[in-house]
Amino acid sequence: MERIIAGFVAALRESGIRVSPGESLDAVQALALCGMEGRRSSRQLLRLTLVKNVNDIPVFNEVFNRYFSRFHYVDPESDLPALMDADIIGMEGGEFTYLNQQQGDDHDDHGPLLKLDSDISPEDLAELKSLTEIDPDDMDGVEIVVQMKGYRGKAKKPPKPSRRYTQNPLVIELDKTGSVGCGVTFSPEEQAAMQDVVSRMMLRLRKDMKRMKSNQNRGKLHVIKTIQKNYRHDMVPFQVALRRKRREKPRLVVLCDVSFSVSHASRFMLLLLHTLHNQLLDVRSFIYNRDIAEITEMLANMPVNDLMETIDTGDIVDLDENSSFGQVFLKFKKQYLENLRGRPAFIILGDARNNYGDANDFVLDEIREKARYMLWLTPEDRDSWNRGDCLMDLYGSYCDRVEVVKTVDELSLFVEDLLRDIYADRADPLDRKKIIAARAAETYDSSDYYHRGSSAKSEPVFDPGGRSKW
Amino acid sequence: MISEQGVKDFLHAGGYIADDAIATAVFLALRMEKPILIEGPPGVGKTGLAKALSTALDFPLVRLQCYEGIDEGKALYDWEYGKQLLYTQLLRTQLDNYLSVSSDLREAVERLSAEESLFFSKNFLVQRPILRSFLSEKRSLLLIDEIDRSDDEFEALLLECLSDFQVSIPELGVIEAKRKPLVILTSNGTRMISDALRRRCLYLYIGYPDLEREVAIVRVKFPDLCEDLARQMVVFLRKARDLTLRKPPSVSEALDWAQVLSIMKATKLTPEVVANTVGVIAKHQTDLQKVTNLAVQELN
């Protein structure tokens with residue numbers, strides 16, 4: 001029985017479920033305790049002991065069905081000799097071997113067959129009985145076959161690393177041609193992928209966050225609380241209570257263009273922020289086209305897909321209009337700029353195509369005064385920034401940074417970078433150095449070492465107005 | 001020794017309807033002395049299972065509610081500084097006498113340190129839930145509730161307790177459990193529990209029950225509710241779960257609703273009845289509307 005379980009565990013590992021030796025021991029012990037009285041209960045036992053994650057349960061069921069599907073029981077007493085003669089049972093010492101490893105692909109039609117080894121006992125066979133799915137048409141079979149459909153031998157396929165542990169960059173194209181426009185909702189996979197991106201990002205940011213949090217806790221001595229806390233120690237201050245510094249999440253204000261041309265990118269931005277919100281950020285989100293509206297509340301309270309649908313219907317901002325950055329900025333200044341608190345970081349997502357309206361770029365200057373940092377993300381390539389009605393150069397001159405963003409990964413990288421900046425900003429000077437050094441080490445790219453600095457384009461140009469060039 | 005069916009039966013007697021998976025898990029946990037980690041949506045009876053088990057098996061329930069920032073001082077043990085101080089104060093004269101024998105300072109320190117263990121003995125140890133359940137004379141049931149609310153550090157702290165049923169106290173050494181308790185951990189899945197902890201547990205996922213089991217649960221808790229109404233109610237709730245609600249109605253909502261309906265002496269589910277009692281099953285404003293709409297569609 002142990003061997004069967006070992007084989008099954010191996011099959012589970014092939015499918016990406018992580019099973020430790022300890023867990024397989026548990027499985028064997030559990031089966032020994034309960035006995036195997038039928039397929040269902042055996043499956044339950046194995047599932048209880050081997051699977052430790054809800055998401056793995058469907059995979060487990062599939063592997064279980066596949067592994068124990070064509071496993072026919074023969075009465076060990078009467079049929080054992082016949083069994084031994086059957087050509088598909090190879091008698092070899094000690095180990096599982098796969099027939100197709102020896103005989104090439106001859107066995108492709110019924111899949112690779114698992115040989116059982118010689119010290120198999122009637123008891124073992126009896127135990128296996130219960131694992132068989134009883135198929136009335138197939139009752140006369142005299143072979144013991146544990147079949148693994150689609151399995152092509154270990155040598156040919158390296159084991160897949162478990163999904164949760166992969167570090168491969170995840171790329172979701174933002175500018176899907178053809179799907180740009182209305183009616184975009186997120187499939188569960190896309191949402192899961194986004195969760196994945198965010199959780200990876202959180203992992204990377206965790207150190208910085210911890211540092212900041214512990215800093216925030218380190219205030220002056222809170223005398224009253226200390227006395228209260230040490231009352232039972234005869235006022236001997238064993239435990240010290242410190243005043244908590246004002247704990248605040250980094251503030252972020254996001255303006256997302258939802259007009260036709262960039263809608264896909266802004267939707268992913270919204271989803272990203274939705275996932276980030278509450279975890280480590282205080283985000284205020286706005287969407288705009290010709291009009292601007294705040295959707296912070298809705299983001300927090302509605303399922304993402306519902307919100308996307310509401311946006312698509314044009315109830316929040318009219319989608320049929322042409323986008324007008326000038327008007328949007330003016331309205332933003334009138335309605336919202338006054339009540340923005342605590343020097344937020346600004347992210348504006350849009351293509352800066354103003355449809356030849358007034359630029360009203362003085363508003364950006366005012367925002368810049370209030371903002372800690374301004375980042376403009378555009379889905380358009382640098383080449384087209386000055387063509388037609390695009391005001392990217394003008395608007396860009398007010399921003400600390402302008403970036404071209406095309407994939408979710410890029411997007412998350414920029415947001416992460418921004419968050420790091422904010423954390424570094426809050427941290428002690430000593431910590432700040434550490435954070436910056438850590439990031440520099442992480443992002444140092446040695447591939448273009450010899451060409452760096454040669455292009456004059458990237459040189460910052462001094463601007464008497466105090467605006468930075470990027 | 002009890003069998004799986006036995007587990008089912010005594011849970012039933014305790015008012016908890018278990019399915020095969022739950023019964024098997026409990027049976028195995030009792031036999032293999034391993035903790036069970038239960039995950040599932042809120043309100044499907046994760047904590048309820050622990051309570052039912054504690055009454056059915058007559059194990060005293062020791063409950064540890066996890067929260068952000070819980071540490072060993074709250075979960076395992078703590079020293080009673082105050083009492084230690086008080087004793088040193090009271091024993092001062094005794095100590096003076098005891099130490100006056102020694103000729104010089106060095107000897108006094110040695111004499112004192114020989115008695116150090118006196119002040120770090122079990123007299124001054126405050127037992128927190130985990131240690132209390134380990135030291136209980138009777139086999140107990142340790143419920144570590146909502147483990148996902150605690151921090152990673154706390155999870156790591158649990159590893160030793162859960163795999164070896166022992167607590168290491170630097171001043172005292174290792175304290176082993178007198179009777180290994182039955183440990184149940186619950187999680188709502190708001191945070192990923194580390195694999196190290198998962199590996200030490202049997203993993204049980206409790207989802208929404210199937211139709212028959214849910215009817216049975218409602219019937220057990222409210223026997224005076226007529227069978228037809230209970231069934232109608234459960235069927236309706238199952239449909240409501242298929243809607244994309246923010247907070248789908250769970251078994252606990254089903255029980256609340258059954259209670260409300262039996263108080264109202266309702267005999268049949270109609271859109272009006274649902275509209276009047278919708279607050280029991282839907283907990284968000286947007287959900288209210290969806291559920292009432294469903295009632296109009298389904299029950300007319």
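**View 1. Asp257(A) and its partner across two strands of chain A.** Here Asp257(A) sits opposite Tyr288(A) of strand E2(A) in a predicted model. Strand E1 (residues 251-257) and strand E2 (residues 282-288) of chain A run parallel and are joined by 7 bridges. Strands here are DSSP runs of E with at least two residues, and helices are runs of H or I with at least four, both numbered from the N terminus. Two strands count as paired if DSSP finds at least two bridges between them.

**View 2. The open sheet of chain A.** Let's step back to the 6 strands in the order E3-E2-E1-E4-E5-E6, with mixed pairing. Strand E3 (292-294) and strand E6 (401-404) of chain A each have a single partner strand, so one side of each lacks a neighbour in the sheet. On average, neighbouring strands are turned by 20° against each other, direction ignored; the axes are lines fitted to C-alpha atoms, for helices over the stretch in contact, and angles run from 0 to 180 degrees between N-to-C directions.

**View 3. The parallel sheet of chain B.** In chain B, 5 strands form an open sheet in the order E2-E5-E8-E1-E9. At its edges are strand E2 (61-65) and strand E9 (202-205) of chain B, each pairing on one side only. Strand E1 (residues 36-39) of chain B pairs with E9(B) over 4 bridges, and Ile36(B) has Leu202(B) as its bridge partner there.

Key:
Residues are numbered from 1 along each chain as its sequence is written. Chains are lettered from A and ligands numbered from 1 in the order in which they are written. This is a predicted model: local features need pLDDT of at least 70, side-chain atom pairs count only at pLDDT 80 or more; totals for chains, interfaces and linings use all residues.
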